Amino acid sequence: MRIATVIGRVTLSVRHSSLRGERLLVVLPWGPTTAQTGEGHEYSIVAYDSLGAGVGQTIGICESAEATRPFEKPTPIDAFCAALIDTVFYQATDPHTA
Amino acid sequence: MRLAYIRGYVTSTVKHPSFHGARLLIAQPVDQADKPDGSPQLVLDPLNTSLHEKVIICSDGSWARNYLKDPRSPARWWVMGIVDPEGSSTQ
């Protein structure tokens, strides 16, 4: 699961038959420096959301085959919003080593 | 499996039900020179890892679902082992 920031939404006019009433978010996954600097995101991806994440929110996205596990029927999804993140504690380096 | 450092944790109220009660740590994967490489991952922590420990994280989703006792869980990454600095090397 990667940490990502929601930057937008996508709506579809034509969709795969397995999708109905889906909510799709455009998200920027965090890179190695993002937690410290707020910059250096990875390339944006589209993630399926069922938790109701809003623009600007930090979320956890599950990727690859595991993204489809919550669905009962086979669904063509490879990024799934699995958590709305409230707080992030991050220390880039160990303060106890020089 | 990737080498990574535990750099923090997150808290979350609204999440997939399979994650209730699970500790989600932030693991930063590193390259052979110990430099950060790629996005930090939120990982499950069956070993009670502490902060800044060097670990191996594993992407076996099947084991993660078994650990969370939910076949519908989207979990994937988890801490598989804590690296012993004495016996490890790269060339």
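Helices here are DSSP runs of H or I with at least four residues, strands are runs of E with at least two, and both are numbered from the N terminus. This is a predicted model, where local features need pLDDT of at least 70, side-chain atom pairs count only at pLDDT 80 or more, and totals for chains, interfaces and linings use all residues. Residues are numbered from 1 along each chain as its sequence is written, chains are lettered from A in the order in which they are written, and side-chain values use heavy atoms, leaving out hydrogens and water.

**Helix 1 of chain B**

- Helix 1 covers residues 61-68, and its buried residues (under 20% relative accessible area, 1.4 Å probe, protein chains only) are Gly61(B), Ala64(B), Arg65(B) and Leu68(B).
- Looking down the helix axis, those buried residues fall within an arc of 100°, so they line one face of the helix; the arc is taken from the directions from the axis to the C-beta atoms.
- Strand 3 (41-44) and strand 5 (78-82) of chain B are among the parts that cover these buried residues.

**Around Ser18(B)**

- You'll find Ser18(B) in the loop between strand 1 (2-15) and strand 2 (24-29) of chain B.
- Ser18(B) is buried, with a relative accessible area of 6%.
- Its side chain makes a polar contact of 2.8 Å with the side chain of His16(B) and another of 2.9 Å with that of Ser73(B).
- A polar contact is a pair of N or O atoms within 3.5 Å; within protein, one must be able to donate a hydrogen and the other to accept it, and residues adjacent in sequence count only if both atoms are side-chain atoms.
- Leaving aside residues up to four places away in sequence, Ser18(B) touches Leu68(B), Asp70(B), Ser73(B) and Pro74(B), where contact means heavy atoms within 4.5 Å.

**Where the chains meet**

- Chain A puts 33 residues into the contact and chain B puts in 32.
- Met1(A), Arg69(A) and Phe89(A) lose the most area on the chain A side, together 26% of what that side buries; buried area is the accessible area (1.4 Å probe) that two parts lose on being put together, summed over both.
- There are two salt bridges between the chains, each needing a side-chain nitrogen of Lys or Arg within 4 Å of a carboxyl oxygen of Asp or Glu.
- Arg65(B) and Glu66(A) meet in a salt bridge at 3.6 Å, N to O.

Technical notes. Buried means under 20% relative accessible area, exposed over 50%, partly exposed in between (1.4 Å probe, protein chains only).
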